[in-house]
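Me: I am new to this structure. Please take me through how to read its features, one at a time.

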Amino acid sequence: RVFLRVGSANYFGTVYVNGVKVGSHEGGHLPFAFEINDQIKWGAENIIAISVENTLKPERVPSGNMPTRTAFDSLSSTPRTTFDFYPFCGIHRPVVLYTVPQTYIEDVTVVTTIEPQAQVKVKVKLNAAVDGKGSVQLKGGKAVLTADLNFSDGVAEATLIVPDAHLWSDKDPYLYDLTVNSNDDQYSLKVGIRTIAVDGGKVLLNGRPVKLNGFGRHEDFPATAKALNLPLIVKDYQLMRWTGANAYRTSHYPYSEEEMQMADRQGFLIIDEIPAVSLQMSDTVRFPERLRMCLQQIDEMIARDKNHPAVVMWCVANEPMPAGISVGASGSGANDPVYEEENLPGKRFLDAEIAHVRELDMTRPVTIVTVGGGPQNWMEQCDVICMNRYHGWYSLGGQLDKARQALEAELDQVWDRFHKPIIMTEFGADTVPGFHGMPDVMWTEEYQAEYVRFHLEVAAERDFVAGMQVWNFADFAAVQGLMRVGGINHKGVFTRVRTPKMAAHVLREFWTK
């Protein structure tokens, strides 16, 4: 059986083999595969063609070319996105031609627990309703553990108990080798034994509190745009470790599988996010189509990334935009009952996404990332509160003393209402590299450094803040507009070519203590 697998084609990809359409896939940043046996000419030359289009449409996820003005229009002009990064079109990740036996291992799910004994639960699914036998093996250190698999209707499960298990963590990312065998097929993957949980105001990794300090990031580089760039992945992980970071969010789409594998090996904690960025929640007419797409993206993301120990949280939306919000909103009035009632349709949309995640995976927390001024009741179903806030930039710009007070007040108010861990998943200030000033006015490196400093100081005073993730790791390509000098978002603490700004040294000062 012959398959063609596309790692990512943004936004709508269609595969042809010898002029015959095999299938189409909607949505970028996630893989898809088609069986192509019927279209192959054996013993002859074959032509495989893939078309990709990325027209910005209101009903797509993410959306563009909205027929009415949106909250984001004041920041952007060309192209008319609802999001603040450039919508590069194309095949961004590897295309692979591969074969499998007639009856093959279609899916493997690994779940680990560490109490009372370290256990690895393995669920294996074959592609057909067949019975038979197989085996599973776990190797690591001096341990070699095996168990039989007895398939019934193509499904088998086994549990391995690991004595003196070497746990995976951000400080010690130990990986075991897991191999699954069926009658005709074999599949191997790396496994990390770890748990992730929430208790009060803390996120617990293997039962111990952990802070998810790091960045929002983008797959972006001048020479390659969003295409897979393996040397850049290595460089970026070195730079993140240099700052002392241990975490990041895949803003605003799932990153490459090579990134996930690197995170497993390097011990980074990932908030994995579908491409549902800036969902326009006042546009209820398009809710059914957008929700269908979001649920598909959730299915595909969890199916691809569920076995990575580095993935510790699922995120189903970034900055969903309610009715009646302004981009500069500081959070004031966000907990107003009338405002929350007006935006209940958006809450039901987000709650449906969260419930769908929990149906697929109960082993990880789930969240949405909220925008400043958004309805606070949208956070109710989240296990962890994730907030994007720009006190001192989009609101109270140039007034860092007042911005600090606003941040303190909002963090305390949100904690008092929900009593859940809070991660600041975005805070940042645009900074032109090499632009300095005394006094430290906006757009200077000095201003960004002081902006980052006061945020980290405020977080350090609050045990319920479970992580600080700066926006952004590096400058990246955005849309053209009055707010984006040269079409670049300059909130990176590194430049687009990865040289550090002053703020990178501030992070290193705090995170490597």
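**Reading the model**

Reply: Residues 326-330 keep a pLDDT under 50, and the model has 12 contacts for them beyond four places in sequence. pLDDT is the predictor's confidence in each residue, from 0 to 100, and contact means heavy atoms within 4.5 Å. This is a predicted model, in which local features need pLDDT of at least 70 and side-chain atom pairs count only at pLDDT 80 or more, while totals for chains, interfaces and linings use all residues. Residues are numbered from 1 along each chain as its sequence is written, and side-chain values use heavy atoms, with hydrogens and water left out.

Me: What is the mean pLDDT of the protein chain?

Reply: The mean is 94, and 97% of the residues reach 70 or more.

Me: How do I read a nonpolar core, and which residues have the most contacts inside the largest one?

Reply: In soluble globular proteins, nonpolar side chains tend to be buried together. A nonpolar core is a set of buried Ala, Val, Leu, Ile, Met, Phe, Trp, Tyr and Cys residues joined through side-chain atoms within 4.5 Å. Buried means under 20% relative accessible area, exposed over 50%, and partly exposed in between, with a 1.4 Å probe and protein chains only. Here the largest core has 101 residues, and Leu212, Phe215, Tyr248, Leu411 and Tyr451 have the most contacts inside it. Helix H7 (residues 445-460) gives the largest share of this core, 8 residues. Helices (H or I, at least four residues) and strands (E, at least two) are DSSP runs, numbered from the N terminus.

Me: What does Leu411 touch, leaving aside its neighbours within four places in sequence?

Reply: Leu411 is in contact with Met387, Ile422, Met424, Val458, Arg462, Phe464 and Val465. Another core, of 25 residues, lies apart from the largest one; Ile114, Val122, Phe151 and Leu178 are among its members.

Me: How many disulfides does the structure hold?

Reply: A disulfide is a pair of cysteine sulfur atoms within 2.5 Å. The structure holds 0 of them. For Cys294, the nearest cysteine sulfur is that of Cys315, 11 Å away. Cys294 is buried, with a relative accessible area of 0%. The sulfur of Cys382 is too far for a bond, because the closest cysteine sulfur, in Cys386, is 7.3 Å from it. Cys382 is buried too, at 2%.

Me: How do I read paired strands, and which strand pairs with S14 over 5 bridges?

Reply: Two strands pair if DSSP finds at least two bridges between them. Strand S11 (residues 132-140) pairs with S14 in the antiparallel sense over 5 bridges, and Ser135 stands opposite Asn181 in S14. S14 and strand S15 (residues 186-191) also run antiparallel, joined by 6 bridges. In this pair, Tyr176 has Val191 in S15 as its bridge partner, and a hairpin of 4 residues joins the two strands. S14 itself (residues 176-181) is mostly covered, with 5 of its 6 residues buried.

Me: What about backbone angles: where are the cis peptide bonds and positive phi values?

Reply: Most residues other than glycine have a negative phi, and most peptide bonds are trans. A cis peptide bond joins Val61 and Pro62, with omega about 0 degrees. Another cis bond joins Ser251 and His252, with omega about -5 degrees. Asn18 is not a glycine, yet has a positive phi of about 55 degrees; Asn18 is partly exposed, at 21% relative accessible area. His419 has a positive phi near 50 degrees and lies in the loop between H6 and S25.
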